[in-house]
Structure formats: structure tokens, C-alpha cells
Amino acid sequence: LKLQFLYFIATRNMKPAKRSKVEEKKVSSNDAKEKRMNELTQEIDQLVEEEDMRKAQIKMECCDASNKARKEMAKLAKKQIPAFWRECLCYNETLRCIISKEDEVVLNTVSEMDFTEDDETAMFTVSVKFDADNNEFTNKELKRSFGGMPTAVSETTGVNWKKGRSPDARNEAEGRAPTDPNCAYSFFELFEAGELDESEVIVLSELRKIIEDPISCYLGEDEEDESDIEALELGEE
């Protein structure tokens, strides 16, 4: 017992061993997933209390769905879980940084998200459909193409902002410069006319991944694939 006490005194101020980048990433990922699963459990409990058993069942099935069943599960979840797409996008680390409070309200009305690939140009096209009007713009569907061959031309539907609702109009009305940390912004600026910069292409690529497997994002599962982990491991050697 005395030896145990002396050991405790000697080690209580010692710093824990430094984790490698890979270990830190895995721990961070596991913590995020555990947090999300706890949130979903609370949501399910709340639905059970409200006797909305159908939605509670859908959420539980999402948590248990195998990879093969997830595409069918996603179809059901989109219809049965309110604001399903908003939750998918806002839980993504890359996308939530550019989603404003106004955007969240609009994302509640998203009925479908999809993407297609053109075999000739190798371009991807992301589309977002809305099933209700919103206070920001009049479009019922937004589309944006990206990637592809160097000669391919990026196309977009553009955003038909309502009067005074575009981020530029709001910033101008408030006298805010583009460099102002409080300036207005919007996820939907991705669909405005003009060439895409590198960061916007990254965001659209992330959006495409979510559309491919929305259930994984909804559950807050690890976004890193095996190649990312391997790259980190090689970098540490």
C-alpha cells in the first residue's frame, strides 16, 4: 500500500504520453461519433415519450443499418425524419462553417439532394430541390456542376435572391466590408454564377460525399477513409 501511495505521488503530475497524429485523429473521431450517438439516443427517447413511434423506429433503424441497407434506409429517412438534409449538412465539419442561421431555415425545406456525372466531360452536377417557399430566394431547384476536364465549363442555375436577401445586399445595407468577421454569408452562394475557387470545389466535393451516403453523415460517423489514415501514418514514419 505504501509503495502504491509513493507511486501515486510520483506520477500524479506527470504529463500523459503524447499521442501520434493518427491516434489523436482516431480518438477525436470516436469521441465525435459517441457524442452523435448519444444525441440520437436522446432524440429517440423524446420521440417515444411523444408517442411518435414511427419516427423513433426510423432513427433506430438508421443507427443499426448495414452498409448494404443504407441506400434504402436513406430513402425512408428523407421522407420520415424532419429536416433530415439539414442535420446531415450541419453535422459535417466542412459544411457547417458556411451554413448561416438563415440557411438552416431554408435547409428545412429541402426535399431532395442528388448528383450526376457526365461521362463525356467527367463533370459532377449537384442538385438541391425544395418543397416549400423560403424568405431568401425563389428557386425551386439549384444546380451546380464542377470538376471534369480542363476544357469543361462549370454551369449553374444561379440564385434568384429576393430583394435585399443576398449576403452582398445585407452586407451593403449594414455597411459591412467583405473582411468584416460579422459579414453575412450563405451556403447557397455556391450556386451563384461565376467561376469556382479551390475552396468551393472542396466544399462541393464534400457535399457530393454526403449525398452519396447521407446516413453515415447523419450518424456522425468518421469522415476519414483508410487512405487518409495511411497517409497520416506514412507522414509520421
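Buried means under 20% relative accessible area, exposed means over 50%, and partly exposed lies in between, with a 1.4 Å probe and protein chains only. The model is predicted, so local features need pLDDT of at least 70 and side-chain atom pairs count only at pLDDT 80 or more, while totals for chains, interfaces and linings use all residues. Residues are numbered from 1 along each chain as its sequence is written, and side-chain values use heavy atoms, with hydrogens and water left out.

View 1. A salt bridge is a side-chain nitrogen of Lys or Arg within 4 Å of a carboxyl oxygen of Asp or Glu. Arg 208 is partly exposed at 24% relative accessible area, and Glu 212 is partly exposed at 38%. By the salt-bridge rule, the count comes to six.

**View 2. Glu 206 and Lys 209 also meet in a salt bridge.** Their closest N and O atoms are 3.5 Å apart. Both residues lie in helix α8, which covers residues 198-212, and they are three residues apart, about one turn of the helix. Helices (H or I, at least four residues) and strands (E, at least two) are DSSP runs, numbered from the N terminus. Glu 206 counts as buried, with 11% relative accessibility, whereas Lys 209 is partly exposed, with a relative accessible area of 45%.

**View 3. A salt bridge joins Glu 136 to Arg 165.** Here the closest N and O atoms are 3.1 Å apart. Glu 136 sits in the loop between β2 (123-130) and β3 (141-147), and Arg 165 sits in the loop between β3 and α7 (167-174), so the pair ties together parts that are 29 residues apart in sequence. Glu 136 is buried at 8% relative accessible area; Arg 165 is partly exposed at 25%.

**View 4. Asp 103 is buried and has no salt bridge.** Asp 103 belongs to helix α6, residues 101-107. The nearest side chain of opposite charge is that of Arg 170, 6.0 Å away; Lys and Arg count as positive and Asp and Glu as negative, while His and the chain ends are not counted. A polar atom of the Asp 103 side chain lies 2.7 Å from the backbone nitrogen of Phe 187. Contact means heavy atoms within 4.5 Å. Apart from residues up to four places away in sequence, Asp 103 touches Ile 98, Tyr 185, Ser 186, Phe 187 and Phe 188.

**View 5. Glu 141 lies in strand β3.** This residue is partly exposed, with a relative accessible area of 29%. Glu 141 and Val 128 are 13 residues apart in sequence, and their C-alpha atoms are 5.5 Å apart. With neighbours within four places in sequence left aside, Glu 141 is in contact with Ser 127, Val 128, Lys 129, Phe 130 and Thr 157.

**View 6. The cysteines form zero disulfides.** A disulfide is a pair of cysteine sulfur atoms within 2.5 Å. For Cys 90, which is in no disulfide, the nearest cysteine sulfur belongs to Cys 217 and is 9.7 Å away. Cys 217 is likewise in no disulfide, and the nearest cysteine sulfur, that of Cys 88, is 5.4 Å away. Cys 217 counts as buried at 10% relative accessibility.

Notes. A polar contact is a pair of N or O atoms within 3.5 Å; within protein, one must be able to donate a hydrogen and the other to accept it, and residues adjacent in sequence count only if both atoms are side-chain atoms.
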